[in-house]
Amino acid sequence: MTESAARHTPGTPCWESLMVHGMAATQEFYGALFGWEFRPGPEQLGPYVRALLDGHEVAGIGNLPADRHLPIAWTPYLASDDADATAETIRHCGGTVAVGPLDAGDAGRLVLATDPAGAVFGIWQAAEHAGTSLKGEPGTPVWNELVTRDTATVAKFYQHLFGYEEEAVISADFDYLTLHLDGRPVAGLHGVGNALPRDLGPHWMTYFEVEDTDATVERVVELGGHVLRPARDGGHGRMATVADPEGAAFTVVHSAR
């Protein structure tokens, strides 16, 4: 399932970025885990590399400046045709713009923001860099899910930003919404109530496709990461939630075909 990334529909997660303190060690970890190779740029916000898989750009890793108190976390960037207008809507709807809008060289224009519950996400207005150019293959991001206290608080916020259609799971004890664009699911919102980790707070979770979930979990531990939720079977495949050596959480999944 390979998909070339042309211009993404506004509101579609189009890029994943991780800001860390130790870039060299982080590149070594993900290179060994996913087979990524790296090339530099753009560096408007400091040292930054793009991860490549078979020559296709799949994610970015940057150096977190010492004066920026941002969590070490994978952050999804949502596509926008006008980052400045989207930033205004974020402010108007109760979110906070933390960085930008600013140009990332010739690549595009970005915003880093938090939703009303405090989850960090990005906005990307593509110029030369459209975003992730390979999807569905092992080592690529395949899904983004907001883990928050309850979906009702933030669903309207995201809907105002990009006009998502929502599809709820009808269940008395499961608070889950899927966001759709053009009739297809693009992201999920999961309300977990008091089960929300205190050290993380509301946050976006990135899912990466893998060939073998259990083997990947073993490799994460070998490489200095750790397991947050052991491998389990779900409706979308076998998945596990892990963290890299700096503590950035992500989920690995072998999708049910």
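In the predicted model, phenylalanine 34 is located in helix α1. Its relative accessibility is 8%, so phenylalanine 34 counts as buried, the cut-off for that class being under 20%. Leaving aside residues up to four places away in sequence, phenylalanine 34 is in contact with Leu53, Gly139, Phe208, Val210, Phe250 and Val252. Between the C-alpha atoms of phenylalanine 34 and methionine 23, which stand eleven residues apart along the chain, the separation is 16 Å.

Helix α1 (23-34) is also one of the elements against which the buried residues of helix α4 pack. Helix α4 comprises residues 213-222, and Thr213, Thr216, Val217 and Val220 are buried within it. Viewed down the axis of α4, these buried residues fall within an arc of 100°, and they therefore line one face of the helix. The face turned away from this buried side bears Glu218 and Glu222, both of which are exposed. Besides α1, the packing partners of the buried residues of α4 are the strands β14 (226-234), β15 (237-243) and β16 (249-255).

A corresponding description applies to helix α2. This helix spans residues 83-92, with Ala83, Thr86, Ala87 and Ile90 buried. The arc that they cover around the axis is only 105°, which puts them on the same side of α2. The buried residues of α2 pack against the strands β6 (96-104), β7 (108-114) and β8 (120-126), and against helix α3 (151-162).

At the level of the whole protein chain, the secondary structure consists of four helices and 16 strands. The radius of gyration is 17 Å, close to the 18 Å given by the globule rule for 257 residues, so the chain is as compact as a globular protein of that length. The C-alpha trace extends over about 45 × 45 × 35 Å along its principal axes. Of the 257 residues, 51% are buried. When contacts between residues at least 6 apart in sequence are considered, 59% join residues at least 24 apart.

Definitions and conventions:
Residues are numbered from 1 along each chain as its sequence is written. This is a predicted model: local features need pLDDT of at least 70, side-chain atom pairs count only at pLDDT 80 or more; totals for chains, interfaces and linings use all residues. Side-chain values use heavy atoms; hydrogens and water are left out. Helices (H or I, at least four residues) and strands (E, at least two) are DSSP runs, numbered from the N terminus. The radius of gyration is taken over C-alpha atoms; the globule rule is 2.2 Å times the number of residues to the power 0.38. Buried means under 20% relative accessible area, exposed over 50%, partly exposed in between (1.4 Å probe, protein chains only). Contact means heavy atoms within 4.5 Å. The arc is that of the directions from the helix axis to the C-beta atoms.
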